[in-house]
Amino acid sequence: MSGQLTIRPVSKTFAHRRVLDAVSLTVRAGEKVGVVGENGSGKSTLLRLITGQETPDDGEITVVAEGGAGHLGQVLALPDDATVGDAVDAALVEIHVLEQRIKAAEQELGTAGSAERAAYGELLTAFELRDGYSADARVEAAMSELGIGDLGSARRLGTLSGGQRARLALAGVLSAQAELLLLDEPTNHLDHQALAWLEDRLRAHRGTLFVVTRDRLLLDRVVVTAIVEVDGDRRTISRYGNGRAGYLAEKRVARQRWEQAYAEWAGEIARWTEWRGTTAYRVAPGRAIKDHNKCKYNGDGRRVQASISTRVRSASERLERLLADPVPKPPDPLHLNAPFDAAVREGPVLELAGVRVGDRLRVDELVVAAGRRLLVTGPNGAGKSTLLDVLAGTLRPERGTVTRHGVVGYLPQETVVRHPRRTVLAAFASGRPGTPENHAEQLASLGLFREADFVTPVGALSIGQRRRLALARLLRQESDVLLLDEPANHLSLALVEELEAALAGYSGAVVVVSHDRLLRGRWQGEELALNDGRVLLAAA
């Protein structure tokens, strides 16, 4: 099988740091490849390089996909004043261009020669392979399957929820029937029904799949043939065979080898440093002059000094060779090292009465008592994020009252960057008392950022890194109630597990909106079901 995607050897540097360093990769036609790695490691950058949205500093990327390539980014790359129809047209642009070329060629068929007729035949074949005649119908069907079939083509994107925009982009990309699919976190914002549809669609895809995801169930159920890991610390990419199970096994072995190599290198450094400083001088230790033979004694001394010099020089040369080719220490993985701080409060912490927000939310009464745990469920567009915005106070209802007792900690679904030039440390410290040293110590203790990232401008962070920064600020705030909108989005698999553990140990009230299947399956608390902005039920 031929290489459909070839990367040799590509490097990419942004103003703040080098992301990829001479990485190489080959993906054969028909493979299903999962791409994993810590947030901010360079996964989305790798996809943007492949699609041509970014240009590599060095190296070459070759994509051979006569049947087209479809790219799904983490955000829909269209302005808020664009329409649903604009988004569909952008997704099907390759098919529409083929259709226009076919129509233009048909007008010239009467006078066309053999070469022109052959080119026309090739256009028809390409169009039929992508089932261009039913492309628009496929979009409608996909939108219906994803629960957004009622969106009119004239509706502005700025009026859609984050989940609706994600579903619209996904419907367009998959309906284009591209041979090569490049997907960046396609499970974000999808509910259970939409996830099942996506898994079925990706399993049935007869072309090549290259998908960035942190969804373990997706990797297993789509049956990926290989895992590619992007390592942000080493700025490398590594390929592992035999799906997720093979990746986990090989990863453990590779980590052990790395730790062993580092230990051996560090041991050699210590041994030769000690040798140069002490052992090399242990040559013919000083002794008294015998028979007053001062001349022989002085000659022996000169020979000892020469031997010492030779040994010290040899040890220094060995150290220089070791230091010139160092084995880096395996970095500790990012961790969520701190619990959420809860204030001590009794009684209700949040009360809603007669709340109305257009046709998006209608809540007659809702009381969140101290320590109550609510998982808000419902299809995308049901009003879940609107409910959390109203509870947090970032959205004022048109009618009704919202009463807050105590401190509200809020993690919204979308992280807005208002000061892109601020460093990570300055953004973490904003509005908080204390010295820069105190703030740096606090941020380092959380384990969500390495100290080298403290000076990175917020505007240069990935979506996942911005999410971690918002989470870090929330962890350092003593709250009576936590409002978390899709807290698992854009976090690594390990951090999601640790976030769940931190929430389990939090004694305050919690209101969570999440489509994460494992988080929902493990939820210990009540469920609040919403549909069309109305509360359907609250069940334990």
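Which residue in β7 is the bridge partner of Asp184?

Modeller: The bridge partner of Asp184 in β7 is Val212. Keep in mind that this is a predicted model. The two strands involved are β6, residues 180–184, and β7, residues 208–212. They pair in the parallel sense, over 5 bridges. Strands of a sheet pair through backbone hydrogen bonds, either parallel or antiparallel.

Now step back to the sheet. It is open and has 6 strands, in the order β5-β6-β7-β3-β8-β9. The edges belong to β5 (69–72) and β9 (236–241). Each of these has a single partner strand, so one side of each is left without a neighbour in the sheet. From one strand to the next, the twist averages 15°.

A helix packs on this sheet: α1, residues 43–51. Helix α1 touches β3 (32–36), β5, β6, β7 and β8 (226–231). The direction of α1 makes about 150° with that of β6. How enclosed is α1? Of its 9 residues, 7 are buried, so α1 is largely enclosed by the rest of the structure. The buried residues are Lys43, Ser44, Thr45, Leu46, Leu47, Leu49 and Ile50. Just after the helix, Gly52 takes a positive phi of about 85°.

Next, look at a helix pair elsewhere in the chain. Helix α5 covers residues 135–145, and helix α6 covers residues 162–175. They pack at an angle of about 145°, with their axes 9 Å apart. Their crossing is right-handed. On the α5 side, the contact is made by Ala135, Arg138, Val139, Ala142 and Met143. On the α6 side, Leu168, Ala171 and Ser175 take part. By type, the residues of this contact divide into 6 nonpolar, 1 polar and 1 charged.

Which residues of α5 are buried? They are Ala135, Arg138, Val139, Ala142 and Met143. They cover an arc of only 135° around the axis, which puts them on the same side of α5. An α-helix has 3.6 residues a turn, so residues three or four places apart point the same way. On the other side of α5, Glu140 and Ser144 are exposed. The cover over the buried residues of α5 includes α2 (84–91), α3 (93–106), α6 and α7 (192–204). Just after α5, Gly147 takes a positive phi of about 80°.

Is Arg130 buried or exposed? Its relative accessible area is 6%, so Arg130 counts as buried. Leaving aside residues up to four places away in sequence, Arg130 touches Gly67, Gly68, Glu94, Ile95, Arg138, Ala176, Gln177 and Ala178. One of these, Arg138, also belongs to the buried residues of α5.

Last, go to helix α10, residues 294–324, which holds Ile308. Ile308 is buried, with a relative accessible area of 8%. In sequence, Ile308 and Arg276 are 32 residues apart. In space, they are 9.3 Å apart, C-alpha to C-alpha.

Notes:
Residues are numbered from 1 along each chain as its sequence is written. This is a predicted model: local features need pLDDT of at least 70, side-chain atom pairs count only at pLDDT 80 or more; totals for chains, interfaces and linings use all residues. Side-chain values use heavy atoms; hydrogens and water are left out. Two strands pair if DSSP finds at least two bridges between them. Helices (H or I, at least four residues) and strands (E, at least two) are DSSP runs, numbered from the N terminus. Axes are lines fitted to C-alpha atoms, for helices over the stretch in contact, and angles run from 0 to 180 degrees between N-to-C directions. Contact means heavy atoms within 4.5 Å. A crossing is left-handed if the near helix is turned anticlockwise from the far one by less than a right angle, and right-handed if clockwise. Ala, Val, Leu, Ile, Met, Phe, Trp, Tyr, Cys and Pro count as nonpolar, Asp, Glu, Lys and Arg as charged, and the others, Gly among them, as polar. Buried means under 20% relative accessible area, exposed over 50%, partly exposed in between (1.4 Å probe, protein chains only). The arc is that of the directions from the helix axis to the C-beta atoms.
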